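Here is a short briefing to read beside the model. Keep the 3D view open as you go.

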Amino acid sequence: MEEVSKSKEPGSVFQDSLVSIGRILVSVSIPLIAFLVLWGGFLFLRDSRAHQGVIAVVAILWGVGGVALLFFMADWFVNRFPMQIAKKLQPFVFVGPALVVLGWYLFLPTVRSLYLSFFDAMSREFVGLDNYIFAFTDPKMLESFRNNLLWIVLGTGGAVGFGLLVALLTDRSRFEKLFKSLVFLPMAISFVGAGVIWRFVYAFRPAGEAQIGLLNAVVSFFGADPQAWFTLRPWNNIFLIIILVWLQTGYAMVIISASLKGIPSSIIEAGRIDGASETRIIRSIIIPHIYGTLVTVATTIVIISLKIFDIVFTMTNGNFGTEVIASMQYKQMFRFYHYGRGSAIAMILVIAVIPVMWYNLRQFKKREVF
Amino acid sequence: MKKVVCLVLILLITGISFAAAGQRGEAVEERVVNLFGPFVDEEARRFEEAIRPFEQETGIQVRYEGSGDFETLISVRVEGGNPPDIAALPQPGLMKNFAEQGYLVPMWDSLQETVDSNYAEVWKELGSFEGVPYGVFHRVNAKSFVWYPKKAWENAGYEIPATWDELEELMDEMVANGHTPWAVGMESAGATGWVGTDWIEDIMLRTAGPELYDQWVDNEIPFTHPAVKEAFEILGDIWLNPDYIYGGTSMILTTSYTDSPNALFADPPRAMMHRQGNFVTSFLPQHIQDNLEEEVGVFPLPAIDEQYGIPILGGGDQFVVFNDNPDVREFMEFLATWESGELWAKAGGALFPYVNQDLDAYPNEIERSLAEALVNAEVFRFDASDLMPGPVGAGSFWTGMVDWVGGTDLNRVLENIERGWP
């Protein structure tokens with residue numbers, strides 16, 4: 001560079017301006033070409049009736065190549081700036097795409113749901129707060145709020161409680177791995193799959209018939225009449241919550257157990273030397289030590305309980321007083337085609353989840369994960 | 001720097017060549033009609049079988065895609081701007097929604113003529129919205145039938161009841177003999193309750209008559225109307241009497257509608273009667289299906305009020321057009337003729353409404369008699385819960401049935417159902 005500037009000749013002014021025109025052309029045309037390539041790919045994918053294999057290959061090339069192309073483009077563009085500015089812009093080349101994707105797939109739909117929640121069934125007429133009034137007065141909705149609260153308290157309490165218990169007990173057992181694997185196993189089962197399994201546990205046949213349901217088989221064995229468990233209000237809610245606990249205890253146990261291993265044995269031994277009982281050690285040393293983990297696990301399961309849908313939908317469909325918010329939202333949206341009410345219920349769910357998320361993030365922050 | 005330029009160039013070239021390839025792909029003309037519907041597995045196979053002659057004759061490929069979640073997916077696809085060429089809608093309400101929003105192509109003249117000559121008028125009305133016809137019915141079902149185990153009835157000497165009084169006498173006779181008259185199962189996953197609404201509709205047609213029934217469907221009389229209440233009370237005399245129902249109300253609530261007829265064919269039979277549509281034969285135990293005519297008897301649910309006779313309650317899938325093109329038109333014309341149903345009728349498990357159909361095509365006496373009852377019925381009415389808007393017909397009416405069977409007070413149930421009207 002230096003040499004060039006030293007040996008500056010009259011003709012080079014022309015050359016310089018040619019270069020800068022070229023630079024401008026390049027910086028305009030390259031993004032333009034990139035855009036055209038991507039747009040062409042998009043049109044092809046949208047309209048083509050080519051063989052599906054061809055479309056799949058193009059889609060992969062277009063998707064992966066497109067992302068790479070955009071990245072290189074952005075990187076190249078940022079590097080055109082002076083060093084100081086480029087350094088400051090650089091991080092956004094990496095964060096930018098994630099922000100765009102989040103904005104497009106998460107933020108915009110949320111805003112749109114909020115907007116739709118103020119309109120009627122077909123999203124045509126503005127109805128003000130009508131949908132929210134419905135959500136907070138309809139008997140089925142009130143039933144859902146009550147049930148979701150039950151799910152949060154009993155579901156989270158059960159899963160975290162049992163998880164902690166199993167973690168503490170297996171920690172002192174020779175068969176730790178075996179026990180933990182057994183408890184962890186249900187985690188691999190989907191909610192709907194669990195629904196099918198538990199259907200057999202709760203199955204009902206009239207008295208005198210062979211009971212194919214595990215629970216009724218046990219009950220009959222002790223001489224009592226078989227029960228249609230799903231129809232017993234309000235206990236049926238608890239029968240459903242047990243399924244969530246069964247599914248989530250493994251998750252709670254694994255995380256809590258890992259955290260237990262992190263407690264320095266010297267502290268526990270010091271407690272023992274001081275004459276603390278085992279319960280006192282758990283209460284005063286172990287629990288405070290793993291408190292952050294407990295909060296994280298609990299908030300995760302609280303969010304799962306808030307959004308609970310599959311179990312209720314497959315087992316009782318919300319009948320017999322077991323309705324939950326997410327299932328109400330699904331029904332309003334996809335069975336009754338009332339987009340206003342469906343969106344309003346979705347917004348209520350979002351708002352209910354926010355404090356939990358916020359608390360969870362704050363806990364993360366304390367532990368300097370961010 | 002050079003690398004980047006190279007990369008851009010490579011991507012550019014591949015992109016252009018693929019775009020070119022895409023254009024070449026479009027140039028190849030394929031005659032395809034895309035069809036989306038709710039029937040899956042065996043039913044889908046039989047449907048595809050039934051339309052094969054059309055494909056062979058015209059060279060038009062009909063690509064049928066079925067889904068158990070049809071009712072959800074069709075709305076998503078239509079609103080996402082990606083509708084199928086033709087869809088088979090099981091609920092007239094869905095058709096009305098789409099028609100109101102202007103997504104559907106109305107019947108053209110020649111199709112209307114075909115429909116006029118091949119169907120009873122009621123089917124065209126059922127496929128119309130605000131006087132404009134859209135839907136062509138193909139396979140339909142009829143629900144007002146009572147099924148019984150033939151051999152067990154012969155052993156016990158039971159006779160088919162011709163009137164409601166005789167039916168009630170028969171029920172008491174069964175109880176006296178230590179038999180349970182009815183097997184009822186209402187569980188149907190997300191649609192639990194429809195078995196109950198079908199019963200209520202059948203009783204409404206028999207006690208209140210078709211005119212009041214139509215007013216009820218349009219909410220011109222409310223659910224709290226005495227006629228509706230009477231229908232519930234008549235049903236309650238049967239359903240809420242533990243002597244009449246195998247397993248009582250618990251069994252009604254928790255047995256799936258596909259499992260409950262099995263009780264008729266257990267050894268010894270757990271129940272003697274089961275009211276269900278013609279489609280019940282497809283979920284009977286295999287050894288019963290194999291000997292249908294020897295094992296199974298059927299009779300229409302008797303009249304209650306003589307003046308209304310024996311009405312038939314039913315339903316059906318109507319085919320509607322989203323994308324208008326000559327191939328689609330040709331296929332729709334085919335669907336409106338008996339030829340499109342004949343092979344399926346022969347395979348069994350389906351009834352067709354064509355007035356000029358050949359009843360000999362049905363594979364057994366049972367389906368033949370059902371088809372005959374359907375074509376000859378003086379009064380045919382579409383399933384009311386399918387006609388009512390979703391929040392009632394697929395909402396509060398279903399849950400109301402469940403609550404009522406579960407022991408909730410009838411007046412409160414009726415008020416709750418009525419509140420579901422949008």
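The model is predicted.

**Helix α9 of chain B**
- Helix α9 of chain B runs over residues 194-207 and has 14 residues.
- From first C-alpha to last, α9(B) reaches 20 Å, close to the 20 Å expected at 1.5 Å a residue.
- Of its 14 residues, 13 are buried, so α9(B) is largely enclosed by the rest of the structure.

**Helix α8 of chain B**
- Helix α8 of chain B covers residues 164-176, with 13 residues in it.
- Its first and last C-alpha atoms span 18 Å, close to the 18 Å expected at 1.5 Å a residue.
- Just after α8(B) comes Gly178(B), with a positive phi of about 85°.

**The largest nonpolar core**
- This core holds 164 residues.
- Ile86(B), Met204(B), Val320(B) and Phe331(B) touch the most other members.
- Helix α10 (residues 235-261) of chain A gives the core its largest share, 11 residues.
- Leaving out residues up to four places away in sequence, Val320(B) touches several residues, including Ile86(B), Leu89(B), Phe98(B) and Tyr134(B).

**Where chains A and B meet**
- Here 33 residues of chain A are in contact with 33 residues of chain B.
- On the chain A side, α2 (11-47), α3 (52-78) and α15 (325-335) each supply at least two residues.
- By class, that side of chain A has 22 nonpolar, 8 polar and 3 charged residues.

Key
Residues numbered from 1 in each chain as written. Chains lettered and ligands numbered in written order. Predicted model: local features only at pLDDT ≥ 70, side-chain atom pairs only at ≥ 80, totals over all residues. Core = buried A, V, L, I, M, F, W, Y, C linked by C-beta atoms within 7 Å. Buried ≥ 20, exposed ≤ 12 C-beta atoms within 10 Å, placed from the backbone. Helix = DSSP H or I, 4+ residues; strand = E, 2+ residues; numbered from the N terminus. Contact = placed C-beta atoms within 7 Å. Expected span 1.5 Å × (residues − 1). Nonpolar A, V, L, I, M, F, W, Y, C, P; charged D, E, K, R; others polar.
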